[in-house]
Each structure stands twice: as C-alpha cells, then as structure tokens.
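Please describe the fold and the ligand surroundings of the model below, with the criteria behind each term stated once.

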Amino acid sequence: MKTIGVLTSGGDAPGMNAAVRAVVRTACENHIKVYGIDRGYKGLMEGSLIPMEIRTVCDIIHRGGTMLHSARSKEFATEEGMQKAIEICHAYGIEGIVVIGGDGSFRGARDLSERGIPCVGIPGTIDNDIACCDYTIGYDTCLNTIMEMVDRIRDTSASHDRCSVIEVMGRRAGYLALNAGIAVGATAILIPEVEFDLKRDVFDRIRRTQKTGKKHFLVIVAEGVTADGNITVDELAKAIEEETGVESRAMVLAHVQRGGSPTVRDRVVASQMGYRAVELLMDGIGNRVVAMQKDQIVDYDIFEALNMKKHIDMNLYKMANIISI
Ligand code: ATP
C-alpha cells in the first residue's frame, strides 16, 4: 500500500494518541503516506484529512484524549454514508485504514473492508469490553484514575464515618467496577453481569462489616446497573442510610474517568498495536482486529471478533466478596 488513513472513533480513551503515533511512524518508516482523519467516520465522509509526518505526532504520547478527535456518526452506518466515505478514500488514494475505537467502530471497519477498503481495528475503549481482547487501550489509565478518585473520597468518607456510593463507567460491562472495587477495598461491588439482591449484597454486607468495627464504607456501582431506569446511586445511598443508619452519599464519577495522561501499560500496548496494524496493511491484509491475548499481540477477523463473547471472571468476583468484609 502506498497511502493509508488512521482515525479514532467512538468514546475517546487515553492511549489513542500513542496508537496514532505508532501508526504514523511505522508507515513513514516504510515510505507509506498517511492521512490523519479528523473526527472519525464523520470526518472521513466530509474529507477532513490531514497529511501526517513523523513530526506531526510529536508530543502526543503522554496526552489523554485523541489528537484526531473522535465522533459518532449515524449517517456513516447507512449505504449513502459508506459510499461518501469510499469516494473520499478513492479521491485521496487511501488503500487501507487503521480504525481505533470500540466494537461499533469495528462494525464500520468491517463494512468498509467488505466494500474494498481494507481496515484494521485497534481496540481503544476504557471499558475493556471487546471480546477478542484481554485488554483494551485506555482501560489501565481509567482504572488508575478511578482508584485515585475513590481513594480521595475514602479520606473524607472515613473522617465522617460515611458510606460513599460511587458510580463508575461501564454500561455493558463491569470490568472497571470489579477491578477498581478490589483496588479500593469496596465493601460491595455491583456489576451488570451478576444479579444482585440489595439486602443480601449491600445492606447485610455493611451490617456484617459494622459488627467487626468498620465505620466507613465504599460501594462501587457500574453504570450498567443504574442504566435503563434501574436504581440510581442517589436512591441506593438513601436506602443504605435507611437500612443501616450509616450516613451515605452518592457520586457519579462520569467523564473525569476518560481523561488524563495514559499509563505505561496503555502507552506500550497502544504502540505495539499501532505497529502491528500497519504491518497487516503492508501485507495487504484488512478486515482484522489487533488484540492482546495473554500478553501477546494477535489479530482476528473482524466478523469473528464481533461474534466472540467475553465473560467476567467469577473467581475474581467471588474473591472480591470474600476479602472485602
Ligand atoms: P465505545 O465503546 O467507546 O462506545 P464504539 O466504537 O463502540 O466505542 P459507537 O458509537 O458504537 O462507538 O460506534 C462508533 C461509530 O462507528 C458510529 O458512530 C458509527 O459511525 C460507526 N458504526 C457503529 N455501528 C456501525 C454499524 N453497525 N455499521 C457501520 N458503522 C457503524
């Protein structure tokens, strides 16, 4: 391939910049022209393309967010939108695209690949909810951000003998909530993958822990538990206060979880994935997702990847419940 594009799509994730940098530099080293596509598939349809050079990606490896900006576009998912994108690719001579995003973005990459523009996906999403990957770019940074924020909340919660009920991101997956919950020593963790009973899994756990002398508590709730009109964290805090007598406060961490400088792990994995994605395109291979499995960089057919299922580690969940009392 002589010319490729790179875009970031869906929710931004720390480490996306490191992946863009790796893509651009690997391509430049191999004498491949690279266009940065601004604002994901929306920018592709609109022809918002920026020629990238080795120095265009200076000073971004340590930055959160994405220098290429991100967007969501319903129009792109239509046949007309897709054709607009393909016309732009032909106009600029783009023969392949690296798509950094989540599974929605990979569906777009699959559709473009099927229409003659080979695409390689890189999993960039804080939720770690891509089935073919043990690990997605941004997950580690996000976990560390949650841990740092909750540690701060814990200081004040402990000073006032309170219970803090904290909602973290994860609409469809509880990886963030489970792992952050373990890291902060939460008394209860609620995730969408595991059915819960408020009396058994929250109120009784707090009461039991109270008996051992504990006076302040952390309850971590994944967004997927409160989504779709289920209980809110405010309602949960109120219920905890009524049931246990412990003053309770609710907090939604929200977008603070997305930002910040990527951790070492996110920078290194993003660099490895960006490098592999260009290698695949150089071999003329598209319709693939680069993934990390057992600490190795591998790749899958996008269709196969999208049909895979990922399960929460129930042993980890069980352990969290045992050691949190
Ligand atoms: P995140 O996990 O952060 O939500 P994502 O990549 O899953 O990231 P989406 O909003 O689902 O985010 O998808 C990003 C974009 O990919 C969409 O705005 C749309 O342009 C494109 N896309 C999503 N689904 C499809 C599909 N079925 N066919 C074609 N394109 C799609």
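Which residue in E11 does Arg-288 stand opposite? Arg-288 faces Asp-301 in strand E11.

## Basis of the description

The model is predicted, and local features need pLDDT of at least 70, side-chain atom pairs count only at pLDDT 80 or more, while totals for chains, interfaces and linings use all residues. Residues are numbered from 1 along each chain as its sequence is written, and side-chain values use heavy atoms, with hydrogens and water left out.

## The seven-stranded sheet

An open sheet of mixed pairing is built from seven strands in the order E3-E2-E1-E4-E5-E10-E11, where strands are DSSP runs of E with at least two residues, helices are runs of H or I with at least four residues, and both are numbered from the N terminus. Two strands are taken to pair if DSSP finds at least two bridges between them. At the edges stand strand E3 (49-52) and strand E11 (296-301), each of which pairs on one side only. From one strand to the next the twist averages 25°, with axes being lines fitted to C-alpha atoms, for helices over the stretch in contact, and angles running from 0 to 180 degrees between N-to-C directions.

Within this sheet, strand E4 (residues 96-101) and strand E5 (residues 119-123) are joined in the parallel sense by five bridges, and Val-98 stands opposite Val-120 in E5. Helix H1 (residues 16-29) lies across strand E1 (3-8), strand E2 (33-37), E3, E4 and E5, and runs at about 175° to E1, contact here meaning heavy atoms within 4.5 Å.

## The four-stranded sheet

Four strands make up an open sheet with parallel pairing, in the order E7-E8-E6-E9. Strand E7 (188-190) and strand E9 (248-252) each have a single partner strand, so one side of each is left without a neighbour in the sheet. Neighbouring strands of this sheet are turned by 15° against each other on average, with direction ignored.

Strand E6 (residues 163-168) pairs with E9 in the parallel sense over five bridges, and the bridge partner of Ser-164 in E9 is Arg-249. Helix H5 (residues 139-159) packs on the sheet, where it touches E6, strand E8 (217-222) and E9, and its direction makes about 165° with that of E6. Helix H9 (residues 233-244) also packs on the sheet, touching E6, E7, E8 and E9, with a direction at about 165° to that of E9.

## The ligand surroundings

The ligand is surrounded by 16 residues, the closest being Arg-72, Ser-73, Gly-102, Gly-104 and Ser-105, where a residue counts if one of its heavy atoms lies within 4 Å. Oxygen atoms of the ligand lie 2.6 Å from a polar side-chain atom of Arg-72, 2.6 Å from a polar backbone atom of Ser-73 and 2.5 Å from a polar side-chain atom of Ser-105.

## Aromatic pairs

Three aromatic pairs are found in a search of the whole structure, the rings of Phe, Tyr and Trp (its six-membered ring) being paired if their centres lie within 6.5 Å, with planes under 30 degrees apart counted as stacked, over 60 as edge-to-face and the rest as tilted. One of them, Tyr-35 with Tyr-92, is edge-to-face, at 5.2 Å centre to centre and 80° between the planes. This pair links distant parts of the chain, since Tyr-35 belongs to strand E2 and Tyr-92 to helix H3 (residues 79-92), 57 residues apart.

How values were computed: Polar contact = N/O pair within 3.5 Å; in protein donor to acceptor, adjacent residues only side chain to side chain.
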